[in-house]
Amino acid sequence: MFYGAMKIVLGHPIKAVFRPWVEGLENVPSEGPAILASNHLSFSDSFFLPSVLDRQVTFIAKAEYFTAPGLKGKLTAAFFKGVGQLPVDRSGARGAGEAAVNSGVAVLARGELFGIYPEGTRSPDGRLYRGKPGGLARVALASGAPVIPVAMIDTEKLQPPGQVIPKLNPRPGIRIGKPLDFSRYQGMEGDRFILRSVTDEVMYEIMKLSGQEYVDIYATAAKRQIAEAAKAAAETAAGRPQEQAGS
């Protein structure tokens, strides 16, 4: 009920203001469980995709969104619950993967749609990064639900990292691919080679839909590299005047 109210309050205005275009909407089943596996370019991805769907889609979100103190924290938690997001504690080496599996299987067991970002985090530069097998593949094999690849288009230009209010241009897009059936691997979620194979197949379909350049490292590693390079550049720039003064 709350989701329906939020759909009216947020979904309709989002469609009216940002006018997201969508291709392949017919690939989302009208009923029954399915996994929507999407690239992740912007914070707004979790709002644009639900806005074009008739059915509720449940994503996972970091637990911090649900545990912040004070009135603002309570309002934030209520908002994320209202738009169909589930809290996930990402602490610990396997925290996010286990939480994603448990949450995803529970959602799919109810015959609903479960949304997940296989990259595990937003792309730092608009490219598509290696998918993490711990969440997506294990949910798919444990549930037997079909995986529907999804490509968000230009949402990182609309709302770059750090920008709170999205811009009105360019017009964002969503491409939805045909469902992928991994029932042949069901019961093999303990095999890491199978998990890798399933994940890579999904990422390949997302790459074809999005047209993104693919990078065969994890986005988290790319973010560390970018941060380290920026830090080194800043240190070099800060040290240069001193070197020149001493020369």
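Biologist: Is phenylalanine 48 buried or exposed?
Modeller: Phenylalanine 48 has 3% relative accessibility, so it counts as buried; buried means under 20% relative accessible area, exposed over 50%, and partly exposed in between, with a 1.4 Å probe and protein chains only. This is a predicted model, where local features need pLDDT of at least 70, side-chain atom pairs count only at pLDDT 80 or more, and totals for chains, interfaces and linings use all residues. Residues are numbered from 1 along each chain as its sequence is written, and side-chain values use heavy atoms, with hydrogens and water left out.

Biologist: How many aromatic pairs are there in the whole structure?
Modeller: The search finds three aromatic pairs. Rings of Phe, Tyr and Trp (its six-membered ring) pair if their centres lie within 6.5 Å; planes under 30 degrees apart count as stacked, over 60 as edge-to-face and the rest as tilted. One of the pairs is phenylalanine 18 with phenylalanine 48: the centres are 5.4 Å apart and the planes at 90°, so it is edge-to-face.

Biologist: Which helices do phenylalanine 18 and phenylalanine 48 lie in?
Modeller: Phenylalanine 18 is in helix α1 (residues 2–18) and phenylalanine 48 in helix α2 (residues 45–52), so the pair ties together parts 30 residues apart in sequence. Helices (H or I, at least four residues) are DSSP runs, numbered from the N terminus. Phenylalanine 18 is buried, at 13% relative accessibility.

Biologist: And what about phenylalanine 43 and phenylalanine 47?
Modeller: Their ring centres are 5.6 Å apart and the planes are at 50°, so that pair is tilted. Phenylalanine 43 is partly exposed at 31% relative accessible area, whereas phenylalanine 47 is buried at 13%.

Biologist: How many residues of α2 are buried?
Modeller: Eight of its eight residues. Among them are Asp45, Ser46 and Pro50.

Biologist: Switching to the second largest pocket, which residues lie nearest its centre?
Modeller: Phe43, Phe47, Gln159, Val164 and Pro166, out of 17 lining residues. On a 1 Å grid over the protein atoms alone, a pocket is an open set of points where a 1.4 Å probe fits, with protein on both sides within 12 Å along at least five of seven lines; lining residues have an atom within 4 Å of a point. The space in this pocket is about 350 Å³, the volume being that filled by probe spheres set on the points.

Biologist: Which element gives the largest share of that lining?
Modeller: α1, with three residues.

Note on methods:
Helices (H or I, at least four residues) and strands (E, at least two) are DSSP runs, numbered from the N terminus.
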